[in-house]
Amino acid sequence: MTEVVVLGAGYAGLKTVRDLQKQSGDFHITLIDRNSYHYEATELHEIASGTHQPDKITFPIVDAIDTKKVTFLQDKVEKVDCDAKTIQLEKTGNMSYDYLVISLGFRSEGFGIPGVVENALQMVDVDSANQVHEHVLSMMKKYRETKDANLLKLVICGAGFTGIELAGAFADERSAYAEIAGVKPEEISITCVEAMDSILPMFDRDMANYAMDVIQKRNITLMLGAKIKEIQDGKVVYTKGDDEAPNFVEAGTIVWTTGVSGSQVMEESGFEQRRGRVVVQSDLRHPHYETVYVIGDVSAFMNPESNRPYPTTAQIATQMGKHTAKNLAHQLRGEATEDFIYNEQGTVASIGNTHGLGKVGKMSLKGYPASVMKKVIVDKSLVDMGGLKELLAKGRFDFYH
Ligand code: NAD
């Protein structure tokens, strides 16, 4: 029987499997992931802040697949050899495939800045997000004993969407942190350190100004034009403009959110790649291998208008998964593949539970309506990834605050 192997059960991989398993044919699917659960990566900031418990954004992978057609294997992918058509797994050893979907997701990008790995917390998966929350709580408890004001400071490195969403979630939990530390909420400081002179370059000035206004009103400090050069123990070292003189900000909690790259496996496997992303063909296949698809955060799909790859998002990953299932079904029937056309529906980001901003189609959304839209998008994703059962169990229905 033809063997289709899918690596990674994130947005791209799980969507591929869920769509392909509906197709009839003489093939079997193996889905491999290091975790037994899928997680909604767009909501990790809510775990890091403690707004939600991890089970709110996770569900068992086996609940989302048809186990008559799909075998789930919990193992860590170490390397892929597309010439030999094999995958190297940590526990299982080598495994062969006929068709392969590489959808191994992202990791944090440190840009080789010294001290990032040692001295900053990451927020790349459920465990690391949970560690951020536990760390914040431990800092608040420690403050009670030491009265060291730095322990009340939370610094986020990078003010992209991830950094801003995390800052908003931290602001939501300010009172809870203050109670543990035994201080007033305003004594908990939240700062984003950002290299650029403005934020959210993908939005117009009006929208970016709106975001800055909300950030300010929520008592979040935005340090713009501050290029981080090093992370020391409890200290973020940065420079401003052309001035090379180092400045620093101290904090008990430092979280690194300056961007992402594709899985380490891409590099380990010797693929031609940049920041863990392989430039794919128009049908999402690897340029050299007819039966290998590279999708999600490990994939660079060119935007024909800008001639640059589209940014990696959950939205494009899910659409790539859907398209890959379609193309695999074509190939399994001996038919030609179709080109992928990305249908960008917009972007919405939260700044805490009841604030947000974004653009959907031609519509600009600000404030509460944007936060509702973000919840609708999360709910749609839960249906895509897990079905109605997961929507009912984990969905966001707190639209009316
Ligand atoms: P990003 O690359 O979008 O933002 C990282 C930020 O860090 C940038 O503003 C950058 O200037 C800054 N930075 C980088 N190096 C720095 C340094 N040395 N010092 C100071 N600042 C530095 O990364 P992200 O926010 O992790 O997002 C990754 C992808 O996921 C993006 O495509 C984003 O659009 C997407 N995303 C989308 C949503 C949403 O739609 N709601 C939420 C989160 C992430």
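The model is predicted: local features need pLDDT of at least 70 and side-chain atom pairs count only at pLDDT 80 or more, while totals for chains, interfaces and linings use all residues. Residues are numbered from 1 along each chain as its sequence is written, and side-chain values use heavy atoms, with hydrogens and water left out.

Isoleucine 228 has a backbone N or O atom 2.9 Å from a nitrogen atom of the ligand, and a polar backbone atom of threonine 312 is 3.2 Å from a ligand oxygen atom. Around the ligand there are 23 residues, of which Thr162, Glu194, Ala195, Ile228 and Val348 come nearest; a residue is counted here if one of its heavy atoms lies within 4 Å. The shell comprises 11 nonpolar, eight polar and four charged residues, where Ala, Val, Leu, Ile, Met, Phe, Trp, Tyr, Cys and Pro are nonpolar, Asp, Glu, Lys and Arg charged, and the others, Gly among them, polar. Helix H5 (161–172), strand S14 (226–232) and strand S24 (346–350) each supply at least two residues of this shell; helices (H or I, at least four residues) and strands (E, at least two) are DSSP runs numbered from the N terminus.

The next element is a parallel sheet. Five strands make up this open sheet, in the order S5-S2-S1-S9-S20; two strands pair if DSSP finds at least two bridges between them. On average, neighbouring strands are turned by 15° against each other, direction ignored. S5 is joined to strand S2 (residues 27–33) by five bridges, and the two run parallel; within this pair, aspartate 33 has glutamine 74 of S5 as its bridge partner.

Two helices pack on this sheet. Helix H1 (residues 11–20) touches strand S1 (2–7), S2, S5 and strand S9 (99–102), its direction making about 160° with that of S2. Helix H9 (residues 314–332) touches S1, S2, S9 and S20, and its direction makes about 170° with that of S9. Contact means heavy atoms within 4.5 Å.

A second open sheet has three strands in the order S6-S7-S8, with antiparallel pairing. S6 and strand S8 (93–96) are its edges, each with a single partner strand, so one side of each has no neighbour in the sheet. Four bridges link strand S6 (residues 77–81) to strand S7 (residues 86–89), and valine 77 has leucine 89 in S7 as its bridge partner. The hairpin of S6 and S7 has four residues between the strands, and lysine 85 in this hairpin takes a positive phi near 55°.

Finally, helix H4 (residues 126–146) packs against helix H6 (residues 174–181) at an angle of about 35°, with axes 7 Å apart; axes are lines fitted to C-alpha atoms, for helices over the stretch in contact, and angles run from 0 to 180 degrees between N-to-C directions. The residues of this contact divide into seven nonpolar, no polar and three charged.

Notes. Polar contact = N/O pair within 3.5 Å; in protein donor to acceptor, adjacent residues only side chain to side chain.
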